[in-house]
Amino acid sequence: MSADTTPSARNIDAFSNTPSVSGRGRLMLFLALGRVSCLRLVCVYILMQLLSGCAPGDIKPRAALLDTQKLNVQDALLTPLYAPWPAQDWWKVYGDQQLDALVRLAVAQNPGLRIAEARVRQAAGAAQASGGGMFPRVEAGGQMLHTRYTDQAYKADAIAGHEDWDANLLASASYKLDLWGKEKAAYAAGLDNLAAAAVEGQAARLVLQTAVVRAYISLARQYALLEVAQRTLIQRQGVLDITRKLLKAGMGTELAVSQAEMPIPVMRSHIAQINADIAVIKYQLAALTGQGPGAAKSISPPGLSFSATAALPPDLPAELAGRRPDVVARLWRVEAAAQGVKAAKADFYPNINLLAAFGYVSIGLEHFLTASARYCFV
């Protein structure tokens, strides 16, 4: 048979071969070494748990925002005429009251904007909820249940097989110290998302306003084309009348009359097409303003004024990207994501929560709200 060479066996053999230590002394020494080994294992386990909760120090964004000041525009956006940035009601520069009424009606009745506003309210509620972790939380509640205590669940208790009231009334308070700024970063992320939702709503509003103004300008263009076509038709009709008179007076030819008659049907067809385009644009404006097709008949010919001088702001290259709602919304989303990274990183570290509760817990109502039913913990 081979000898046992495990460490425990070698230790026992060493203790048994030591002449200066008695049997009881050998036993006490062996137990002491066992306690030291257990203590080492406990320390190693605690150290491993602490190290597993530590976040690595290289968690940081891998991308950087583009500096708009470094964009190379050269002379593409230079202009000798400067103007301020457009106002919120920028379409009023055209001086058309009907256009102003259509834009305001579209903003007031468009369902897409209602959805955007609902998203803003949703983001506001989420931001408010995320900020709740920064403040103490107080709760209170109670319940009273008529319960039958079964024999299987309460074999060793006197209440087994009986029915009674199970009542409790508790108030509790808790507070997170937020040592690493997790709750603060989560609240900041909620505010950034709220700002992004608000800017996205503004972007949707701007898109709708632009669509109404663009359709209205197209309507004005079609009316201008209609006026030109009608004048051309009148001119062609006058040429035809003169040509017929010349033929009747013996100074013209049938060929000249035929040539004068040819453009008239073409112009009439062109006018019919322009009227059809005008009707389509009016239907588009009625749809954009949230009205039915019948509202298209109430839209009169535009009276736009193009007297304002076309100019650009002097700081256009630097602020153009910063004034676009879609770009600003993306910037807020990036900020919210950065705050989310901070909150996630802080979640790796241990935190301290302060808890306290006080109330009454009783089986049966005869001793409820008495000193014997008092319950508390901290």
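These legends describe close-up views of a predicted protein model.

**View 1. Overall make-up of the model.** The protein has 9 helices and 4 strands. Helices (H or I, at least four residues) and strands (E, at least two) are DSSP runs, numbered from the N terminus. From that end the elements run α-α-α-α-β-β-α-α-α-α-α-β-β. Of the 378 residues, 23% are buried (under 20% relative accessible area; exposed is over 50%, partly exposed in between; 1.4 Å probe, protein chains only). Among contacts with a separation of 6 or more, 75% join residues 24 or more positions apart. A contact means heavy atoms within 4.5 Å.

**View 2. Confidence along the chain.** Mean pLDDT (the predictor's confidence in each residue, from 0 to 100) is 76 for the protein, and 69% of residues reach 70 or more. Where pLDDT is low, the predicted coordinates should not be read in detail.

**View 3. The largest nonpolar core.** This core holds 31 residues. A nonpolar core is a set of buried Ala, Val, Leu, Ile, Met, Phe, Trp, Tyr and Cys residues joined through side-chain atoms within 4.5 Å. L99, V103, V212, L219 and L285 touch the most other members. Elements giving two or more residues are α3 (97–109), α5 (182–248), α6 (254–261) and α7. Helix α5 gives the most, with 12 residues.

View 4. L102 sits in helix α3 and counts as buried at 8% relative accessibility. Leaving aside neighbours within four places in sequence, L102 contacts V212, Y216, L285 and T289. L102 and V212 are 110 residues apart in sequence, yet 7.4 Å apart in space, C-alpha to C-alpha. V103 touches W91, Q209, V212 and V213, not counting residues up to four places away in sequence.

**View 5. Helix α5 against α6.** The two axes come within 9 Å and cross at roughly 170°. Axes are lines fitted to C-alpha atoms, for helices over the stretch in contact, and angles run from 0 to 180 degrees between N-to-C directions. The pair is therefore roughly antiparallel (over 145 degrees; under 35 is roughly parallel, 65 to 115 roughly perpendicular, the rest oblique). The crossing is left-handed: the near helix is turned anticlockwise from the far one by less than a right angle. From α5, the contact uses V239, L240, T243, R244 and L247. From α6, E254, A256, V257, A260 and E261 take part.

**View 6. Helix α5 against α9.** Helix α9 covers residues 325–346. Its axis and that of α5 are 8 Å apart, at an angle of about 165°. These helices are thus roughly antiparallel to each other. Their crossing is left-handed.

**View 7. E183 in its surroundings.** E183 lies in helix α5. With a relative accessible area of 11%, E183 is buried. Not counting residues up to four places away in sequence, E183 touches S130, G133, M134, K176 and D178.

**Notes for all views.** Residues are numbered from 1 along each chain as its sequence is written, and side-chain values use heavy atoms, without hydrogens and water. In this predicted model, local features need pLDDT of at least 70 and side-chain atom pairs count only at pLDDT 80 or more, while totals for chains, interfaces and linings use all residues.
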